[in-house]
Amino acid sequence: MADITCAGRTTREVNAEIRQAIAAGEHDIVVKDPGARHNLAVGILEPVRIRIAGSAGYYCGGLIDGPRIEVDESAGWGLAESMMTGEVIVQGSVGNGAAAAIRGGTVVIHGDAAARLGVSMKGGTVLVAGNCGYMAGFMGQKGRIVVCGDAGDAFADSLYETECFVGGEIDGLGTDAVLHELAPADIAWLDSTLAQYLPSAPRRGQDFKKVVAGRKLWNFDKREWKLWEQAL
């Protein structure tokens, strides 16, 4: 195990030491005294475990492909942005835009998520034990979002093929988002995934609402301009 201390050092120096440790064959790295600094553990492309022993700032774990990144406390905006594969697990809450544009992997948030969770995601899974803010899932293209608590307004706005599940209340569905009946396969997947990542979550698969695209906005026809004008 490699211990890396942030105190008195720049983020560039910390990230450089993380890469040096990986190049030297380390597979378990602890980043100490993070002080909620931004851009920690970005661009990591190896299947290593990196633990942030405290809170992280903006864009922690962005542009990764393969690692497991654990944050002991909370994280700021843009957590795991554009992740390809891997796992990012936060014990606390996260700021705006968590899991934006991810293409794969799993993001687990044990607290709450702020606005715009999973916007423009193109794959992967996002799990939130608590609540999420407004416009979660905006323009989501693939993958799944699971919110065990309540969801804010404009939920799943302008959705494509991302599937969204909410255990609590939804303040308001976004444009072209509709409720859809849970299938047995949905319930089985929710039960399995929650058991793996959020075993203490009080809700089970059958307790969730499913939200998908109504598909009215998927294709544009100039003859239906009035429909689009009303929708937007």
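Reply: Happy to! One term first: a salt bridge is a side-chain nitrogen of Lys or Arg within 4 Å of a carboxyl oxygen of Asp or Glu. This is a predicted model, where local features need pLDDT of at least 70, side-chain atom pairs count only at pLDDT 80 or more, and totals for chains, interfaces and linings use all residues. Residues are numbered from 1 along each chain as its sequence is written, and side-chain values use heavy atoms, with hydrogens and water left out.

Me: Which residue does Arg68 meet in a salt bridge?
Reply: The N to O distance for this pair is 2.7 Å. Arg68 lies in strand S4 and its partner in strand S5, so the pair ties together parts that are 19 residues apart in sequence. Strands here are DSSP runs of E with at least two residues, and helices are runs of H or I with at least four, both numbered from the N terminus. The partner of Arg68 is Glu87.

Me: How many salt bridges are there by this rule?
Reply: Some of them join into a network that links Asp28, Arg49, Arg68, Glu70 and Glu87. One of the pairs is Asp28 with Arg49, whose closest N and O atoms are 2.8 Å apart. Asp28 lies in strand S2 (residues 28–32) and Arg49 in strand S3, so this pair ties together parts that are 21 residues apart in sequence. By the rule, the count comes to 10.

Me: Is Lys210 buried or exposed?
Reply: Lys210 forms a salt bridge with Glu163, at 3.5 Å from N to O. Glu163 lies in strand S9 and Lys210 in strand S11, so the pair ties together parts that are 47 residues apart in sequence. Buried means under 20% relative accessible area, exposed over 50%, and partly exposed in between (1.4 Å probe, protein chains only). Glu163, at 23%, counts as partly exposed, whereas Lys210, at 8% relative accessibility, counts as buried.

Me: What span should the 14 residues of helix H2 have?
Reply: Helix H2 runs over residues 184–197, and the estimate uses 1.5 Å a residue. The expected span is 1.5 Å times one less than the number of residues. The end C-alpha atoms of H2 agree with the estimate, which is 20 Å.

Me: Which residues of H2 are exposed on the face turned away from its buried side?
Reply: Let's start with the buried side, made of Asp186, Trp189, Leu190, Thr193, Leu194 and Tyr197. They cover an arc of only 120° around the axis, which puts them on the same side of H2; the arc is that of the directions from the helix axis to the C-beta atoms. These buried residues pack against several strands, including S7 (122–128) and S8 (142–147). The face turned away carries the exposed Pro184 and Gln196.

Me: Which strands are among what covers the buried residues of H1?
Reply: Helix H1 (residues 11–23) has Val14, Asn15, Ile18, Ala21 and Ile22 as its buried residues. Seen down the axis, they fall within an arc of 120°, so they line one face of the helix. Arg12, Gln20 and Ala23 are exposed on the face turned away from that side. The cover includes strands S1 (2–5), S2 and S3.

Me: How far apart are the C-alpha atoms of Ser82 and Gly62?
Reply: Ser82 sits in the loop between strand S4 (68–71) and S5, and at 25% relative accessibility Ser82 counts as partly exposed. Not counting residues up to four places away in sequence, Ser82 touches Leu63, Ile64, Ala100, Ala101 and Ile102. Ser82 and Gly62 are 20 residues apart along the chain, yet their C-alpha atoms are separated by 6.1 Å.

Me: Where is Tyr59?
Reply: Tyr59 is partly exposed, with a relative accessible area of 34%. The place of Tyr59 is the loop between strand S3 (49–53) and S4.

Notes. Contact = heavy atoms within 4.5 Å.
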